Amino acid sequence: MRKADRIITFGPGAAQFYADEYQMAKPDLIRNCRYLFTPTEPDTRIRKDCNLSPDDKLVVILNTLYQGQGLEQVIEAMSYLDENIHICTVGWDVEGGAYLGACLALAQDGNVTDRLHFLGRRTTEDLIPYASGGDIGLM
């Protein structure tokens, strides 16, 4: 990292990483979350888009897809999870499909492709309601 007058990051873990990695003061935080959330009934569209049964559990990852964010480890861990646990991502592949292809190959190697769902982008206004149908959020 080159010289910077100030660093701002999105979470305490990232702030600690930068402080440790670059022997610098801990960066300031601006949380990447919505503070003004109005609870509503869960939206079922995401579950329908994944073809899930009522007994299936859904882990939702809201993120742009790129190598190094940890999705590879999540896919590798899926073979240790119960068969009714599904993982879906809501976001887009910044590598134009190359990363998505690599993730699908990894899922095929682990025999979990039927429980891994890539649902693409959503509008900002639709993202939170759409994701509310999941059981667990993973960041």
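Beyond its neighbours within four places in sequence, His117 is in contact with Cys50, Leu52, His86, Ile87, Cys88 and Thr89. One of these partners, His86, also makes a polar contact with His117, side chain to side chain, at 2.9 Å. Please keep in mind that this is a predicted model; the chain has a mean pLDDT of 87, and 93% of its residues reach 70 or more.

**Around His117**
- His117 sits in strand β5 (residues 116-118).
- With a relative accessible area of 11%, His117 is under the 20% cut-off and therefore counts as buried.

**Salt bridges**
- The structure holds six salt bridges.
- One of them pairs the side chains of Arg6 and Asp28 (2.6 Å, N to O), linking the segment before β1 (8-9) to strand β2 (residues 28-29), 22 residues apart.
- Arg6 is exposed at 59% relative accessibility, whereas Asp28 is partly exposed at 33%.
- Arg45 meets Asp43 at 2.8 Å, N to O, and Asp126 with closest N and O atoms 2.6 Å apart.
- The pair of Asp126 and Arg45 ties helix α5 (residues 124-131) to helix α2 across 81 residues.
- Through shared partners, Asp43, Arg45 and Asp126 form one network.
- Asp43 is buried at 18%, as is Asp126 at 17%, while Arg45 is partly exposed at 32%.

**Surface patch**
- Tyr66, Trp92 and Val94 make up a nonpolar surface patch with about 270 Å² of accessible area together.
- Val94 lies in the loop between β4 (85-90) and α4 (98-109) and is partly exposed, at 42%.

**Confidence by element**

Terms used:
Residues numbered from 1 in each chain as written. Predicted model: local features only at pLDDT ≥ 70, side-chain atom pairs only at ≥ 80, totals over all residues. Heavy atoms only, no water. Patch = residues over 30% accessible without salt bridge, like charges linked within 9 Å, V, L, I, M, F, W, Y side chains within 5 Å. Areas by Shrake-Rupley, 256 points an atom, 1.4 Å probe, with all protein chains shown as cover. Salt bridge = Lys/Arg side-chain N within 4 Å of Asp/Glu carboxyl O. Helix = DSSP H or I, 4+ residues; strand = E, 2+ residues; numbered from the N terminus. Buried < 20%, exposed > 50% of the residue type's maximum accessible area, 1.4 Å probe, protein only. Polar contact = N/O pair within 3.5 Å; in protein donor to acceptor, adjacent residues only side chain to side chain. Contact = heavy atoms within 4.5 Å. pLDDT = per-residue confidence, 0-100.
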